Amino acid sequence: MTSSIRIRIRRGRRAALAVALGSVLALTATACGDDGSGSAGEKGEEGSGKGTITFWDNNGGVRTDVWKQIIADFENSHPDIKVKYVGVPAASVQSKYDTAIQGGGLPDVGGVGTAMLAEVAAQGALEPLDDRISGSPLNGKLNTKFLESVKAAGGDGRTYTVPTSANNGTLWYRTDLFGAAKLDPPTTWTKFYKAADKLTDKGKNAFGYTIRGGEGSIAQALDAMYGQSGITSFWNGDRTTVNDPKNVAALEKYVGLYKKDTPSADVNNDFTKMVAQWDSGTIGMLSHNLGSYTDHEKALKGKFRGIPNPTLDDGTRVQVSNPVDGLGLFKSSRNKAAAWKFIEFAASHASNSKWNRVAGQVPANTEAARDAWVQESEPTKLAAEALSGSSTKIVQLPYYLPDWNTISKADNEPNFQKVLLGKLSAKEFLDLMADQLNQAHADWKKNH
């Protein structure tokens, strides 16, 4: 099936979904929801600021304990408000929101990160929060780059979720191997490639780097491309910069590491296999995020460091936007005043610090980002500095496009493997992705 046929089929499915969704919303516009909330399109009410509100955690199970601590703290300081916690597994939260948007039963507050923000906001389910933030103690206390990512992901420049945390691309490297080889830390791309070559000794099953070829490969490849090319915008007018000649050259250099300075098994590696391989072998470097720190510490017992992805030789850091997690206020809530009090509390200095310390992520609250535990955790400290640094340029990925997840995953992860295997050139791969992105952007503009 050609790429143009795939695009037409996807556009047809999306149009059909839009018609169906519109019909459902029209039928449910006056329906009553569960637990004080309803379906998308309802205006809801400000409410008394007291009573019970419902909160959906978008990564239930993984962070349940810390959320219950924060809820207990909130209820102690706001005895007139009770919070009903509902933990939703990350893998199913998008479908749960979609079902509730169509049929009713939305929560008052929900975890809504930038990866799903556009789809939820486009259906009219979320309250714009700009005015509430400007009149809140949170005003001026939220990381400006996180806010930029949230506004870009929403599709219309408004703030539909209060940012709470972000991960960041991290280059983990073996300090023992670097020391033995007398190599400088891989802080620049020049030093990175030099180390990848020098640490590779295939006869001893030693490699300089492990590349992500399986699930999740596209975001990592984009980070490496833009980081080396220095291009700071995903769009040039209405055309994507993905296949700019500088990005093509950067990708060619990056995939050139495969089997030369990386294991051949990398072509199938998702993050779980990649992390396990790095922790148990003699591989010099690994690109992942802050979330794998605990695994590395258990396996390598301090013989590693985690630094932000490399810079250009002049110190300029260009990186693609990482998903920013946040808390959204649903428009159909019948007690928005109480719901907003909970969001303010959860994003405050103390609560945001507590949550991110457990999650191992970068706090969105700038006061929390200066807390001792962040300064004592070098990877998190360096990530926080990179995300807020004046020399860091963040390329905003188009999370607002309805087709973004399909294009960046199902459509192109298999094609990236073909590039690694030499069956597709870097230029052919990026030209195909660019065609899909340009068409998706054109479709989006017609409706906005």
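Ala115 is partly exposed, with a relative accessible area of 37%. That value falls between the 20% limit for buried residues and the 50% limit for exposed ones, which is why the residue is placed in the middle class. Please keep in mind as you look around that this is a predicted model.

Ala115 sits in helix 4, which spans residues 114–122. Setting aside residues up to four places away in sequence, Ala115 touches Tyr399 and Asn405. Gly154 lies 39 residues from Ala115 in sequence, and the C-alpha atoms of the two are 9.8 Å apart in space.

## Helix 4 against helix 6

Gly154 also brings us to helix 6, made up of residues 144–154. Helix 4 packs with helix 6 at an angle of about 40°, and their axes are 8 Å apart. The two helices are therefore oblique to each other, and their crossing is right-handed.

## The nonpolar cores

The largest nonpolar core holds 81 residues, and Tyr226, Leu251 and Tyr254 are the ones that touch the most other members. Helix 19, residues 426–446, supplies the largest share of this core, with 7 residues. A second, separate core has 29 residues, among them Val66, Ile70, Val83 and Leu129.

Apart from neighbours within four places in sequence, Leu251 is in contact with Ala221, Met225, Phe416, Ala426, Phe429 and Leu430.

## Helix 10 against helix 19

Leu251 also takes part in the meeting of helix 10 with helix 19. Helix 10 covers residues 245–255, and its axis comes within 9 Å of the axis of helix 19, the two crossing at roughly 130°. That angle makes helix 10 oblique to helix 19. The crossing of helix 10 and helix 19 is right-handed.

On the helix 10 side, the contact involves Asn247, Val248, Leu251 and Glu252. Across from them in helix 19 are Ala426, Lys427, Phe429 and Leu430. By class, the contact between helix 10 and helix 19 includes 5 nonpolar residues, 1 polar residue and 2 charged residues.

Definitions and conventions
Residues are numbered from 1 along each chain as its sequence is written. This is a predicted model: local features need pLDDT of at least 70, side-chain atom pairs count only at pLDDT 80 or more; totals for chains, interfaces and linings use all residues. Side-chain values use heavy atoms; hydrogens and water are left out. Helices (H or I, at least four residues) and strands (E, at least two) are DSSP runs, numbered from the N terminus. Buried means under 20% relative accessible area, exposed over 50%, partly exposed in between (1.4 Å probe, protein chains only). Contact means heavy atoms within 4.5 Å. A nonpolar core is a set of buried Ala, Val, Leu, Ile, Met, Phe, Trp, Tyr and Cys residues joined through side-chain atoms within 4.5 Å. Axes are lines fitted to C-alpha atoms, for helices over the stretch in contact, and angles run from 0 to 180 degrees between N-to-C directions. Angles under 35 degrees count as roughly parallel, over 145 as roughly antiparallel, 65 to 115 as roughly perpendicular and the rest as oblique. A crossing is left-handed if the near helix is turned anticlockwise from the far one by less than a right angle, and right-handed if clockwise. Ala, Val, Leu, Ile, Met, Phe, Trp, Tyr, Cys and Pro count as nonpolar, Asp, Glu, Lys and Arg as charged, and the others, Gly among them, as polar.
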